Each structure stands twice: as C-alpha cells, then as structure tokens.
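Please look over the protein shown here before reading on. The briefing below takes up a few of its parts, topic by topic.

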Amino acid sequence: MIVMSVVTALVLLALVTQAGIIAVQRAFPPQGRMIEVDDATLHVVDVGPRDSGLPIVMLHGASSNLEAMRRPLGDLLAKNHRVVLIDRPGHGWSTRARRQDSTPQVQARMIGDALGKLGIDRAVFVVHSWSGALGARLALDHPGRVAGLVMLAPVTHPWRGGVGRYNEIIATPVIGPLLAYTITLPLGYFLSEPGARNVFLPQMMPDGFVQDSATPLLLRPREFIANAYDLVTLKEAVAAQVARYGEISAPVTIIAGEPDKTVRTDIHARPFAAAVQNAKLIVLPDLGHMVQNAVPDLVKTEIEAMIGKIAPAQAAAD
C-alpha cells in the first residue's frame, strides 16, 4: 500500500508538472529569435539602434534568463546602443544537446558562434554572477570578440563549500530527473519569490520582479537540471582558468557589493581585479548581489565610459 501510494503521488505530481510547464511557457513566450549553433539553439533578443557603434552583449547568471538583464539595465542601454541579450545554453528559451555542456568554456564557444551569425565581430560584454566566469573565458579563448568586459558581482575563483545540496541531487542521474519531473515545479512555485528576495539583500526586491524576469521558466525540469549542472561544475571550471587571468588584455570594469552573500567580493571580484592587467574595481559598501537592478545608472555610466575609451583607441590602432 505504501509503495502504491508513493507511485500514485509521483504520477499525480508528474501530471501537475506537465500542466505547469504548459502554463509557464504560455505565460512567458520567447521574445526574440532562435539561432542554431553546434549542439545548441540560442534565444537572442536584439534591440536598440544598429548604427550606434560597439554592440553590448548581456549574459545572465544562474537560475535566471535574459529578462534578468533586460529590465531595467538592458532597456536603459538600448535607448542609445545596440543591445544583444542571450539566454545561456539550457536556460530560458535556449537549449543545449547535452546537459554536460555546462562549463564556461563550452558556452563561450556557443555564444561566440551565435554572435558570428549575427554579424557581430566585437562587443562589450556585460556579465552577471555565474557569467563572470563565462565573460573571463570569452576574453581568454575569444579575445578578438571582447572589446571590453563589465562584470557585475562576478564568479571568478574557487570557493569553499558547495552550491547547495539540492543542486547536487538534481545533477545526480536518475534521482535528479525523477525529482525535477515531479516535485520541483509545484514546490518551486511557492519558494521562488522568497528565494529571489534573499538574493537581493540588503536591497529590497522590486515589486513584480519574479514575473517581470520570467523566473518561473527556471522551474521547468529541463532548465532546472541544466542550471544544476552549471552550478555543480562551476568550481572545477574556474579553478582550471584562474592561472590564465593575467592573459586578459581587454579593459575590465568590475562592480560588486561588500555585503553580497551570494558571491563573495573578497573571494572573486578583488582577486580577479588584482590578476587582470587592465581592471577597474568598484566595490560599494551597501550593494547586494543584483547589481543591474540596484544601480543601473552607475552600470550604464561605466559601460558608456568604457565604450568612449575603446573607440578612440581602436581608431588610433587602425
């Protein structure tokens, strides 16, 4: 009887999950175009004037999608610049052929290929959190594409501890998919807003953020599993690239907060700034993890200042 009850409960939860997937995808449809690259299909939103100089490419962190970079910062920048927002492989409306394609190295290659298909040879990259490691990898492996790098609360170095036991479980074969396709979406529906509020601290989460950022897309099983793989493989990935940071020659601006408990500034931003030859570090005493939401005007100013310096330097080199 106990076994039958458990099986029945799992079947019901699986049916609820499938209905939830349909509802979530209808509520948050894709806003851009799909670009095919090797082993992935990337969802790209391309906004702003095309004749505005260097494009700005924005890459989101873990547990999110391109909408987390679009509002308010991306929309603010798009008034005067071409802004390309990309759902990382496996996130939002982007897919990837293998869950194991979770490393910054692999995703940098995919994103570089997508930009090539958009006709973008060089850009300023704006990266948040998990994508700090991705932005660094782009600058290392594809330096010709990276005119400049603006990093918001970036992950760049190994850290003590893990990434949450639930991520490790979800990334486990058999058990992980079983949980992802049964309880993750129903349970996550109730936990997503409190979780998002914690990431914003000490700032207050803006009203409507969870809906405006299409966060419920994360609760779909295939994305939840992809996100878990991204997180559980990240420490090893950054450990493998730390020794190369001195090779980065593009200008880098890093904005981080002292009280950020999601990505510790002393472990990541400060050591990265010390390792990179052309880095500017801004650490604010009361800033949390969601830099693009808390200080969008400051981020915009720093991006435009970087572009203003890159253009004359490029003209002189040409």
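L12 lies in helix α1, where a helix is a DSSP run of H or I with at least four residues and a strand is a run of E with at least two, both numbered from the N terminus. This is a predicted model, in which local features need pLDDT of at least 70, side-chain atom pairs count only at pLDDT 80 or more, and totals for chains, interfaces and linings use all residues. Residues are numbered from 1 along each chain as its sequence is written, and side-chain values use heavy atoms, with hydrogens and water left out.

**Surface patch**
- Together with V3, V7, V11 and L15, L12 forms a nonpolar patch on the surface, with about 460 Å² of accessible area in total.

**Helix α7**
- Helix α7 covers residues 184–200, and because its 17 residues should span 24 Å at 1.5 Å a residue, the 22 Å between its end C-alpha atoms agrees with that expectation, which is 1.5 Å times one less than the number of residues.
- A kink of about 45 degrees lies at L191 in α7, shortly before the proline P194; the bend is the angle between axes fitted to the seven residues ending there and the seven starting there.
- Among the buried residues of α7 are T184, S192 and F200, where buried means under 20% relative accessible area with a 1.4 Å probe, counting protein chains only.
- The cover over the buried residues of α7 includes α1 (2–27) and α9 (221–232).

**Residue I282**
- I282 is found in strand β9, residues 279–284, and I282 is buried, with a relative accessible area of 14%.
- Leaving out residues up to four places away in sequence, I282 touches T253, I254, I255, A256 and E302, contact meaning heavy atoms within 4.5 Å.

Key. Buried means under 20% relative accessible area, exposed over 50%, partly exposed in between (1.4 Å probe, protein chains only). Patches are made of residues with over 30% relative accessible area and no salt bridge: like charges are joined within 9 Å, nonpolar side chains (Val, Leu, Ile, Met, Phe, Trp, Tyr) within 5 Å. Accessible areas come from the Shrake-Rupley method with a 1.4 Å probe; for residues, only the protein chains shown count as cover. A salt bridge is a side-chain nitrogen of Lys or Arg within 4 Å of a carboxyl oxygen of Asp or Glu.
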